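Reader: Pick one spot in this protein for me and go through it slowly. After that, carry on to the other parts you can describe.

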Amino acid sequence: MKPLPAPTRSVAPWSRRDLHRMALAAALAPWMTPGVQAQSAPPRWQVNPFSLGVASGQPQPGSVVLWTRLRIDEADAARREQAAEVVCELFADEALRQPVRQWRLSADASRGHSLHVLADGLQPGRHYWYRFASGHAVSPVGRTRTSPALIEAVRRLRLGLASCQHYEQGHFAAHRHMAAQDLDLVLFVGDYIYESSNKNFKIRAHESGMPFSLAEYRARHAHYKRDPDLQACHAAHPWLMTWDDHEVVNDYANDLDRNFSDPVVFLQRRAAAYQAYFEHMPLRLGPDPQQPSQMRIHDRMAWGTLADLWTLDCRQYRDHHACPDLMRGGGRVVMGCDALNDPSRSMLGIVQEQWLTAGLTQSQRRWKLLAQSTLMATSGFQTPLGRSAFTDGWDGYPQARTRLLQTIADARLSDVVMLGGDVHANVAAQLRVQPGDERSPVVASEVVTTSVSTRGMSSKVMAQIQRDNPDIRHARSDERGYTLIDIRPERLDAQFMTTPHPAGPQAALGVQGRWTIRQGAAGVLPGA
């Protein structure tokens, strides 16, 4: 990691990072006037409505999604049921002197006053800057970029891999650190918000109780979005995203929650959670208007000829948990569960499995990156009653895991890397069709990032997992952070950037470990 430039008294040229930071700081001033002339009847706000910041995401060679949501203060409460006129401006330069496009938009209550602008007709592989204005209120400035042309022989892709940011259990130092890095993308693989609370690990508080309704999920997302470090990371880089369970409720599986609620009732809650998620993320697609409890999050993105990157959905389509406890649903540790051997069970759902298989086997790009929400490597224990399996993870869907890895083996695919989160631990692992069997060749590699802030399991448990699963080469759950992934044609390097738990407001991050995957050779190796 390159350190931030040290202060100097000499007259020297500003770095790009200095200029970007200055532009962001200047844009935070609440009463500025650019863009106002484009509004026919500019609203006058008592309090700046852009307190949730800006974001961009899902870049393509000629387009990117730009996002903001107006947060209307009590002082402007009369405007909450009204549509607000907003202007979005896109620039080709950091100084905002080269306008590219401008959109006149209307933000209304039906989408929580959120805006999703598909900025298209852009040049591939270049940076842009953007902002929103409503009346005399102007948003922070965001920086984004388009992906390279599909046939461009790209030499590098830098990702920040992150997941699991429980607001109450730590500060978002990982986002502050990522905001200062030279990244192409932030890849977030689940648990953007937490619906739950635990008084034993609280170092700062949610503003309200567990959400069930659309208004309550909106409030929870808005609370997270007001975190300055999270805002900075969204403003600095485009994001790719998928979800896990806490965006709705812990351990939900398809249409079933841990309380075995009536599926009709639960799907109403899921529809509210999905709607609020869409309203707060830079996404192209929202919930299905005909079936609002359904929303497509899985997608595929190319980065020139260097990589294909899939974002997978491990929650919405999966089969219910095997061998459930009839007193409380969700995942649990089981031994001797025959249902795990049912070949019809799926983590992704058969339709998504088929879509992924077709994409993988047809991909001609060097690296195949599968971003999904959890650990794919087996992590069970040897016990007197047999080997344990945690039913909420891939160990709860072993036949589906075998199908995916067998597809990779049969197609002779090289350079397949699973990127995950969820387990609140940094993990580097090698993947075999038959887990733990040295006679079964390694066919893929895995890098899992620790949580941004959520506490991890005990070091004793992690040590036992690693002892009973030799394909897991690195496993630590005691620190928080993110993973910096640097991909080149000949290798993929992963650095686990961490700080001790709990992450403090000014926590510094260091390198916990470095791991490398070499082109053409599945499996992880210690990095230099």
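Author: Leaving out residues up to four places away in sequence, G396 touches L340, R345, F390 and T391, where contact means heavy atoms within 4.5 Å. Bear in mind that this is a predicted model, in which local features need pLDDT of at least 70 and side-chain atom pairs count only at pLDDT 80 or more, while totals for chains, interfaces and linings use all residues. Numbering runs from 1 along each chain as its sequence is written, and side-chain values use heavy atoms, with hydrogens and water left out.

So where does G396 sit? Its place is the loop between β18 (389–390) and α7 (398–410); helices here are DSSP runs of H or I with at least four residues, strands are runs of E with at least two, and both are numbered from the N terminus. G396 counts as buried because its relative accessibility is 0% (buried is under 20% relative accessible area, exposed over 50%, partly exposed in between, with a 1.4 Å probe and protein chains only). For a sense of scale, G396 and R131 are 265 residues apart along the chain, and their C-alpha atoms are separated by 45 Å.

H113, in the loop between β4 (99–107) and β5 (114–119), has a positive phi of about 60 degrees despite not being a glycine. H113 is buried too, because its relative accessibility is 6%. C164 is another non-glycine with a positive phi, near 60 degrees, and it lies in the loop between β9 (157–162) and α2 (173–179). With a relative accessible area of 1%, C164 is buried. Then there's P502, in the loop between β24 (491–500) and β25 (510–518): a cis peptide bond joins H501 to P502, with omega about -5 degrees.

Now for some helices. Helix α3 (residues 214–225) packs against helix α5 (residues 263–279) at an angle of about 35 degrees, their axes 8 Å apart; axes are lines fitted to C-alpha atoms, for helices over the stretch in contact, and angles run from 0 to 180 degrees between N-to-C directions. On the α3 side, L214, Y217, R218 and H221 meet a set of α5 residues, including R269, A272, Y277 and E279. By class, this contact has six nonpolar, two polar and three charged residues (Ala, Val, Leu, Ile, Met, Phe, Trp, Tyr, Cys and Pro count as nonpolar, Asp, Glu, Lys and Arg as charged, and the others, Gly among them, as polar).
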